[in-house]
Amino acid sequence: MSEQMPNMNYDADEVIKDFKAKFKWPSSSEVEAVVTPPHLGVKIILSIVLTILGGGALYYMLLPAFNIHDAQLYTYIILLVAMFVLFFGLLCGANKKIERREYVKKKSIVPIAIIVAIVLVMFIGWLIGAQLFRAKTYSELMTVSESSFSEDFADVKYDEVPRLDSATAKVLADQQIGNLKEYKSQFVVTSNSTQINYKGAPVRVAYLEYANVFRWINNTKNGLPAYMVIDLVSQKVNVVNCVTEFGEGIKYSPAELFNEKLIRHLRFQYPTALLDTPNFEIDDSAHPYWITPVLDKTIGLFGGTDVKGVIITDALNGESNYYDIETVRSDETLNWIDVVYSENLVIEQYNYHGKLANGFWNSIIFQNDVNVVSNGSGNIALNDDVWVYTGVTSEDSTTSNFGFILCNQRTKETRYYENGGATEYSAMESAQDAVQNYGYHATFPILLDIEGQPTYFMSFYGDKYTIKGYALVNLADKTIVGRGVYDEETSDIKALNAAVENYINSLKDKGIVGNEANADDYKADENAASVVDDVDTDTQQPTVTEIMGNVTDIKTSVNDGNTYYYIQLDGGAYYYISVADCMQVLLINVGDNVTVTADASSSEAFIPATNVVKN
């Protein structure tokens, strides 16, 4: 048997090596000739056509401005060059034949040179505008003037300042749209609301968004049907039905997906403009518009961002008009516009002003007269405009400010006030300590003038972001705190008035003000009207009122970890409320006479309540 076996006397490693050699891809040094691909002209034309098509799709997604100051334009051009090289290489068969690959590599020298040149231009443009060389120019982007706190804040009324921030305002808007059956399954409220002055009062306006892509398919033909107006003082919310009021819905918005998507619509109208984030606003007739700041780079290619104009776009039909910044500042017919300069931009420019006035190296090493804004910012209404408020501190300080600034978001007028004291977050902690038994959180504060004292005003909110009370904290002495909470005062206005009364009493106790100081001069009017009552709307709104009756049944349930009480009045409907929203409900028993704050017009068996008080 063994005599018939073949001769096995060979080296297996050599056999494998020879086998691999037959299929080895030669290296560049082994290629003796660079072969020009056949039909080269056709391949170049096809590569150009494919690049145009791919570049068009890429432009549709990236939307760069055809402006030398837009860094995204340079990135777009680099991607176009890379796209052409890729298509040309594939058409030439560079992935299949080594001699074709070497040809493509040889011809790619020009595209690579173009990319290197673009990167070099970007670097030089950035270098020309670097803070290291242009510190003085950066510090002059914003002009800051000193002003008097007592004079400027004399007309800011305690009971007319915003009691809601953006988060708590959105919660109220969400609750409102949840009560409207025609909207709640199709739309949600955006988190990008805009604070404006509407008819002299601070409100937030928020557009709707489609609940998901299927809701977009179902509704995009008619657009968004409505928007929300949240009164930041009375905390009332109105839904303005655009179809009823103006004959059509909002057709252009960030919620759309294709040509009606706002930023794409604007880019096609203004291909060279550097566009900032659009703001949703309404004019005095409640007509919805988009206000889009047009930016300019004033230092080098990419530095010194500033606003040179705005684009006003009708949210219903998409018609747009451009106005330069001086026209926006001076034309009285455009005074309804409130937000041209974003909070981020004005804070950035003030930090340049505070850090770089004495040179770049001083801001790093010596830090003489260096100051920056403190963490956080808020908004306040003043002279029928919206102003950004934020404290001013040193780069190393975390507990005290030595002043604060106001910046007009329409004109960029900036005022500095040399009133030092606790930082905003330090004041928030003092306020929260005063209600630590409730575990409430404080909104970002607003400065007020109470008896000549710069005073932080803030609202308390619970875990569900519903307002639970108010606090006043002295700027110079954060231990002076006045508070008022719903659970003790039983109503919003009473809680607000209790806060100012407690605060003035604390000032008297410390000897800061005399006994002639009277809290009644600041207390809010319990019958004050809401500005949203003046907004025309045919949308059915819940009629929230106080309902009195005897408790005939009480049920409880636990939803998402929260305990809810269901209280039946006089054998009729059940009114339900979370313990987290109203702790007094724990004291209610069957047979008690109570007052429930809820929608009196609802015919549902279970009606949400906002407050329950034992009479």
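Is Glu395 buried, exposed or partly exposed? I looked this up to open the notebook, and Glu395 is partly exposed, because its relative accessibility is 36%. The bands I used are buried for under 20% relative accessible area, exposed for over 50% and partly exposed in between, with a 1.4 Å probe and protein chains only.

**Ground rules**

I am working on a predicted model, in which local features need pLDDT of at least 70 and side-chain atom pairs count only at pLDDT 80 or more, while totals for chains, interfaces and linings use all residues. Residues are numbered from 1 along each chain as its sequence is written, and side-chain values use heavy atoms, with hydrogens and water left out.

**Entry: confidence**

I checked pLDDT, the predictor's confidence in each residue on a scale from 0 to 100. The mean for the protein is 87, and 90% of its residues reach 70 or more. A note to myself: where pLDDT is low, the predicted coordinates should not be read in detail.

**Entry: the whole protein**

I found 18 helices and 28 strands. These are DSSP runs numbered from the N terminus, helices being H or I with at least four residues and strands E with at least two. The protein has 615 residues, and 49% of them count as buried. Its accessible surface comes to about 30,000 Å², with 52% belonging to carbon and sulfur atoms; the areas come from the Shrake-Rupley method with a 1.4 Å probe, and for residues only the protein chains shown count as cover. I also looked at contacts, meaning heavy atoms within 4.5 Å. Among contacts between residues at least 6 apart in sequence, 56% join residues at least 24 apart.

**Entry: salt bridges**

How many salt bridges does the structure hold? I get 15, taking a salt bridge as a side-chain nitrogen of Lys or Arg within 4 Å of a carboxyl oxygen of Asp or Glu.

Back to Glu395: its side chain meets that of Lys355 in a salt bridge, at 3.6 Å from N to O. The pair links distant parts of the chain, with Glu395 in the loop between β14 (385-393) and β15 (400-401) and Lys355 in helix α14 (residues 343-356), 40 residues apart. Lys355 is partly exposed, with a relative accessible area of 28%.

Next I looked at Asp477 and Lys510, whose side chains meet in a salt bridge at 3.5 Å, N to O. Here too the pair links distant parts of the chain: Asp477 sits in the loop between β22 (467-474) and β23 (481-485), and Lys510 in the loop between α18 (492-509) and β24 (544-559), 33 residues apart. Asp477 is partly exposed at 23% relative accessible area, and Lys510 is partly exposed at 48%.

Glu488 and Arg483 form another salt bridge, with their closest N and O atoms 2.5 Å apart. Glu488 is partly exposed at 37%, and Arg483 counts as partly exposed at 22%. I also noted a network of salt bridges that links Asp152, Glu413 and Arg415.

**Entry: Thr411**

Glu413 turned up again when I looked at Thr411: the Thr411 side chain reaches the backbone nitrogen of Glu413 at 3.3 Å. Thr411 lies in the loop between β16 (403-408) and β17 (414-417). Thr411 counts as buried because its relative accessibility is 17%. Not counting residues up to four places away in sequence, Thr411 touches Arg329 and Tyr341. Thr411 and Tyr341 are 70 residues apart in sequence, yet 7.8 Å apart in space, C-alpha to C-alpha.

**Entry: helix α3**

Helix α3 (residues 71-92) has 22 residues and reaches 32 Å from its first C-alpha to its last, close to the 32 Å expected. The expected span is 1.5 Å times one less than the number of residues. At the start of α3, a side-chain oxygen of Asp70 reaches to within 3.1 Å of the backbone nitrogen of Gln72. Buried residues of α3 include Leu73, Tyr74, Tyr76 and Val81. After α3 comes Gly93, with a positive phi near 80°.

**Entry: Ser430**

Which residues does Ser430 touch, not counting residues up to four places away in sequence? I find Val473, Lys478 and Val481. Ser430 is in helix α16 (residues 424-433) and counts as buried at 13% relative accessibility.

Notes:
A polar contact is a pair of N or O atoms within 3.5 Å; within protein, one must be able to donate a hydrogen and the other to accept it, and residues adjacent in sequence count only if both atoms are side-chain atoms.
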